[in-house]
Amino acid sequence: MRSPWQRRPFSCRGGTPSPARRGGAGPPLPALIQGWGRSDGIFETRVPSAEGVGVWRRAKDVTMPAKLPVNFFSTRSPVIDLFRGQLDYADHLRQDSEIVLYFFYAPWCGQSIAAREEIEHVASRLSDQVLFVAVNCWWNQGKCRKQKHFFYFPVIHLYHRSFGPIEYKGPMSAVYIEKFVRRVMTPLLYISSRSKLLDFLSNYEPGVLGYFEFNASPQPPGYLTFFTSALHSLKKDYLGTIRFGVITDKHVAEEISLVHSGSVYLHRHVNTSLIYPNDIMNYTAENICKWALENREMLIRWLRPHGGKSLLLNNELKKGPALLIFIPYNPLAEIHPLLDEITKVALEYHNCNKSQAAEPDLQHLGDTDSPAFDSSVPDAHMKLPETFSITKYPCCNTVVLPQWHSISRTHNVCELCINQTLGVKPNKVHVPHCNFLEIEAALDSFYLQEHTFFQVISNTIECSNFLSFYSPFSYYTACCRTVNRHFLSFISSEKTIFQTPKVAFSSHGKKDNTQHSIPHIEDRNCFIPNLHISGINITGLSCRTNKTLNLYLLDSNLFWIYAERLGASRSTHLKEFAAIVDLKEEVHYVLDQNQSLVGSALENFIKNFSILYSPLKRHLVDDPSVHFHEQRVITEVTTNTFHNTVFLSEKNVLLLYYAQWCGFCASLNHVFIQLARLLPPDNFTVARIDTTRNDLPWEFMTDHLPTILFFPHQRKEQSVKFPEDFSVNLPNLLKFILHHSSLSSSEPCTKECLHKETVLQQGHISHLEREIQKLRSEISALHQAHDQLEAQLSEARREEHRLQQQKHTLEKQHKTLQLHSEQLQATYDQKNQELLEMAEKLQELADASENLLKENTLLRILVASREGKLQSKDEIKEPLQSEQTLSEDNDVSVSTATATLEEKRIDNIDTIETEHNSGNRTE
C-alpha cells in the first residue's frame, strides 16, 4: 500500500493534496522531508504544514561560490593573460595592433592546458609582430563568459586589423599554428619574376593570382578587395588550400595572359585555368573567394582529424576508394622532397586529356624543375622506330570470352586494343578511354574473325593482330590468356620466378617468328614489385579505369595511430606509410613497408589496384600481442597462423570464434577445455580466434558470436558449422565431432574405406574408454581425498572446541589479572602520592635548616666582633676590679643578648612554619 506521504510519479509539484490523503499521524520528521529535482536545477522540498499536509517550498541555494581565477599563463610569458575574462580590455588592445591572436580557454580543460605550451612557443617567435591575448572564457563573472557562447575549448581567433575573426580549427601544434598565423600576416605572395611565378604555379595547391599596376596609384583599384578575398579564403578554409599571389610586373602578368590591371587568374594543373568573369559576377571579396573555392582543382587533399567524434574520415571514404599517404610533415620547412614526388604522381594520375598540364604549364619559361614535369619515364620523349610507330594512342579493353568462342576452349580473357598498326611495339601501350562506337566495332571484328586465331602456341598467352571488319586500313590486337583462381597466389609466391613466355605473333592467318608481343594486362611486370613496370602508364589512369582513387595526405607525426590501425608497424622509426581503403568493398590494401615510399612505388601501387584483376591482397589485421605456448590445451589462432593451423594441419580442427566482450563466449571456456582434454591431441585440435583483433578471408568470417566451425581432416573445404539450435555442451560437441570426422557418406565407400572408418571409430572408442577409465580413477581419488578431508575437518572441529574452552579459561584469567592490575595501580598511585608529600616536607625542613645555619653563622660573627670590642675595652681600663665588674656585667649582657637572639630565632622559625602551612592550605 502506498504511503500518503510518498510522492506519486509524474504528479504536479504544486496544489493541495486530495482529502483522502489528509489527516492521520504522519511518519517522523526525516521521513516527511522529501526532495524532488526540477528540470531547471532548483531543489524543492515538501514539508508538513500546520494541518499535516505536505507543502512544496523552494530551498535556499547551497552552491559554493566559485573561487577567484588565477593566472593561466606565466607572468613572464609573452602572452597577455586576461584570466578574469576582461573581453572589453581585449578589444581595446586589438585597436592598437595589426595582427592579434585570441586564445579563449577554460582553466579546467585538458586540451587548453596542452595547447598552452604550444601557444607560448609560437608567441616567443612572433611576439614582435603579433599580439597574443589569452582570455579565460569560463569564469561566470567575466564578460567573455557572458558574451561568448563556446561549445568547446580552446578556441583561437585571429584578426587582421579590422577583419575577423578568422577561426583556426587545425591541429593544436606549434608549427601548424605558426604557419596559419603567418598566412594571416601575409595573405598575398608577391610575384616579382618569372621564376617565382613558375614556383607558384608548380605547387600542388590551387593558386589565385591578381595583376595590379602600382605605378599610377599607390593603391590601385581592386587591390584591397583582392587582399580581403584572401582573408575570406582563410576564414572559410582553415587548411589554407588556396594560395593567393599578386603580380605587379606587366611582362610577368602577360605570361599567364593577364593584361588589364585588376584581373584575377585561377591556376589549375589538369583542367583549363580560369580568369575571373568581371562581366558576370560583381568584383567583391566574397565573390572572388566563392569563385575560387568552387572552381579550384584538388588533386590531393590533406586530412587533419581533430581527434574527437567526427564524420570527416567517413565522409571522405564514402566518396570512393582512397589512397591514404602518411608522411612526416613540417609546415614551416621550405622544401618537401617527398611531398614533391607524391605531387608528381598525383599530377600524372589525374592528367586525363594528355595536355601540357602534367608538364610545366609555362613551357616557354624554360624551367623543367617543375614538380609537374615527369622525368621519371626515360623514354617519354624518345621517338619510336618507324617499324614500330603508332598512328595514334591506342585504346584497350578487357573482354571476357563467351563459351561459344573458339578461343574459350583454351583461354577465357582477352585484352583487345584498338587503332594500332601492324607490328606495334609491345612494351609501350598507352591505354586511354575507349570510344563506345570504336570498341563496338572492335568487338564485332573480334567475334566474327575467329579464323585469324590459330592453334595456341603458348600455354600462358596468345597474341594476334587482325584487320578491322569495317575499315581495311585499321588493325586490332588481342592478347588472350587463362585466368584461374590460383593466379594471384601464383604470382605472389616468393619461390616463383615470373617469366613472360615467348609467343609467336600471327597476323592475318600467317605465323610470324618475331618474338615481340603485347603482353596481357595480367602478365605485365607491375604485379611483381622487383621487376620494372613498362606496360601501363600512370598518366591519366584515373580516367581510364572505374576504380578511381582519391588521394589524401596525413601528417604521420600527428596521426600515426590511424596508420597503425591500418596495419603500419609500431616499431618503425621512419613514419612513412601508404594504404588504399575501399569502404564499399570493405577491404584495404597496404603498400609493402619494406619498400621506400617513393614515386615509383606509389605508381606501382596505384597501377596494381586499377587493373581489372588486381593482384593486391586484402590486408588482414593481425593481433601481434598473442604469445604462443606449447602447453596450451586450446590453440590460439591469429590471422597469420590461421592457414597453417587449420588448412595445412593433418588434424581435425574445431574452431571457436569469440571476442573479449562476448559474455556467452566466456561461458563456453570450461566446455572447450574439457573437450580438448577428452579428444586425442594426435588427431584433433581445439582452437579459437578473436574476431575483433584478427581478420580472415571473407569465406571464413562470421556474422555473430559465438560460432563453432569444424574442419575435418582431408576435407577441410567441407567445413561444418555447429547447429545454432543445439545446446553447446560436452555431449553435443562430441557427437557433432564424431559424426563429421568420419568419411563423407555421399561417396561410395569400398572395403578399404569401411576398414579405415572402422579403425578410426575403434580408435575413437578406445580413446574414450581410456578417458573414461582416467575419469573413474580420478573420481576414486576424489572420494579418497573427500574422506581424508572429512577426517581432517572432524579433527579440526575437535581442536576448535578445545581451543574455545581454553579461550574461555584464558578470558577469565585475563579478567582476574585485569582486576588485580587495577588494584595494584590504585595502591601504586596512593603510595606515590604519599611519597610526594614526604618529599615536599623534607624539602621544607632542608630549607629551614639552611636558614638556621645562615643565622648561626651571623651570630658567631656578631659574638666575635663583640668579644673584640670587649677585649679592647679591658685593655684601656686601669682598675682591675672595675674591669672585673665590667667583665661580669658584659657577660650578663652578652648572655642576655644571646638569649634574646635565640628567642628571636625560634620565633622566626615558628613564623616561617606558620606561613608555610597557611600557604599549603591556600594551594
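**Disulfides, rings and cores in a predicted model**

Trainee: Let's start with sulfur. What do Cys-137 and Cys-144 form?

Mentor: Cys-137 and Cys-144 form a disulfide, with 2.0 Å between the sulfur atoms. Keep in mind that this is a predicted model.

Trainee: What hand does the link of Cys-137 and Cys-144 have?

Mentor: The link is left-handed, at -90 degrees about the S-S bond.

Trainee: Buried or exposed, Cys-137 and Cys-144?

Mentor: Cys-137 and Cys-144 are both buried.

Trainee: How many disulfides does a search of the whole structure find?

Mentor: The search finds two disulfides. Cys-662 is joined to Cys-665 by a disulfide, S to S 2.4 Å. The link of Cys-662 and Cys-665 is right-handed, with 80 degrees about the S-S bond. Both Cys-662 and Cys-665 are buried.

Trainee: And Cys-109, why is it called buried?

Mentor: Cys-109 has a relative accessible area of 8%, and buried means under 20%. Cys-289 is buried too, with a relative accessible area of 0%.

Trainee: Zoom out. How many helices and strands are there in the protein?

Mentor: The protein has 21 helices and 29 strands. Of its 923 residues, 37% count as buried. The accessible surface comes to about 55,700 Å², and 53% of that belongs to carbon and sulfur atoms.

Trainee: What about contacts in the protein between residues at least 6 apart in sequence?

Mentor: Among those contacts, 69% join residues at least 24 apart.

Trainee: Now the inside. Which residues touch the most other members of the largest nonpolar core?

Mentor: Phe-103 and Leu-323 do, in a core of 74 residues. Helix α5 (residues 174–185) gives the largest share of this core, seven residues. There is also a second, separate core of 24 residues, which includes Tyr-658, Cys-662, Leu-675 and Val-686.

Trainee: Back to Leu-323. What is Leu-323 in contact with, leaving aside its neighbours within four places in sequence?

Mentor: The list includes Leu-549, Asn-550, Leu-551 and Tyr-552. Ala-578, Ala-579 and Ile-580 are in contact with Leu-323 as well. Leu-602, Phe-605 and Ile-606 are also among the contacts of Leu-323.

Trainee: On to rings. How many aromatic pairs does the count come to?

Mentor: The count comes to 33 aromatic pairs. Take Phe-73 and Tyr-105: they form an edge-to-face pair, 6.4 Å centre to centre, with 75 degrees between the planes.

Trainee: Where do Phe-73 and Tyr-105 lie?

Mentor: Phe-73 lies in the loop between β3 (54–58) and β4 (80–82), and Tyr-105 in strand β5 (residues 99–105), so the pair ties together parts that are 32 residues apart in sequence. Both Phe-73 and Tyr-105 are buried.

Trainee: Give me another one. What do Phe-647 and Phe-711 form?

Mentor: Phe-647 and Phe-711 form an edge-to-face aromatic pair, 5.8 Å centre to centre and 65 degrees between the planes. This pair links distant parts of the chain, 64 residues apart: Phe-647 is in helix α16 (residues 642–647) and Phe-711 in strand β28 (residues 707–711).

Trainee: What about the accessibility of Phe-647?

Mentor: Phe-647 has 25% relative accessibility, so Phe-647 counts as partly exposed. Phe-711 has 0% relative accessibility and counts as buried.

Trainee: Which residues do ring pairs link into a cluster?

Mentor: The cluster consists of Tyr-102, Phe-104, Trp-108, Trp-138, Phe-150, Phe-153 and Tyr-159.

Trainee: Charges over rings next. Where does the charged end of Arg-565 sit?

Mentor: The charged end of Arg-565 sits over the ring of Tyr-562, 5.9 Å from the ring centre. Arg-688 lies over the face of Tyr-658, at 4.4 Å from the ring centre.

Trainee: New topic. Where does His-157 lie?

Mentor: His-157 lies in strand β7 (residues 155–160). With 8% relative accessibility, His-157 counts as buried. Beyond its neighbours within four places in sequence, His-157 is in contact with Val-100, Leu-101, Tyr-102, Phe-104, Phe-150, Pro-165, Ile-166 and Glu-167.

Trainee: And where is Arg-161 found?

Mentor: Arg-161 is found in the loop between β7 and β8 (163–168). Arg-161 counts as exposed, at 54% relative accessibility.

Trainee: What does Arg-161 touch, not counting residues up to four places away in sequence?

Mentor: Arg-161 touches Arg-94 and Glu-98. Arg-161 and Ser-97 are 7.0 Å apart in space, C-alpha to C-alpha, and 64 residues apart in sequence.

How values were computed
Residues numbered from 1 in each chain as written. Predicted model: local features only at pLDDT ≥ 70, side-chain atom pairs only at ≥ 80, totals over all residues. Heavy atoms only, no water. Core = buried A, V, L, I, M, F, W, Y, C linked by side-chain atoms within 4.5 Å. Buried < 20%, exposed > 50% of the residue type's maximum accessible area, 1.4 Å probe, protein only. Helix = DSSP H or I, 4+ residues; strand = E, 2+ residues; numbered from the N terminus. Contact = heavy atoms within 4.5 Å. Phe/Tyr/Trp six-rings, centres within 6.5 Å; stacked < 30°, edge-to-face > 60°. Lys NZ or Arg CZ within 6 Å of the ring centre and 35° of its normal. Disulfide = S-S within 2.5 Å. Areas by Shrake-Rupley, 256 points an atom, 1.4 Å probe, with all protein chains shown as cover.
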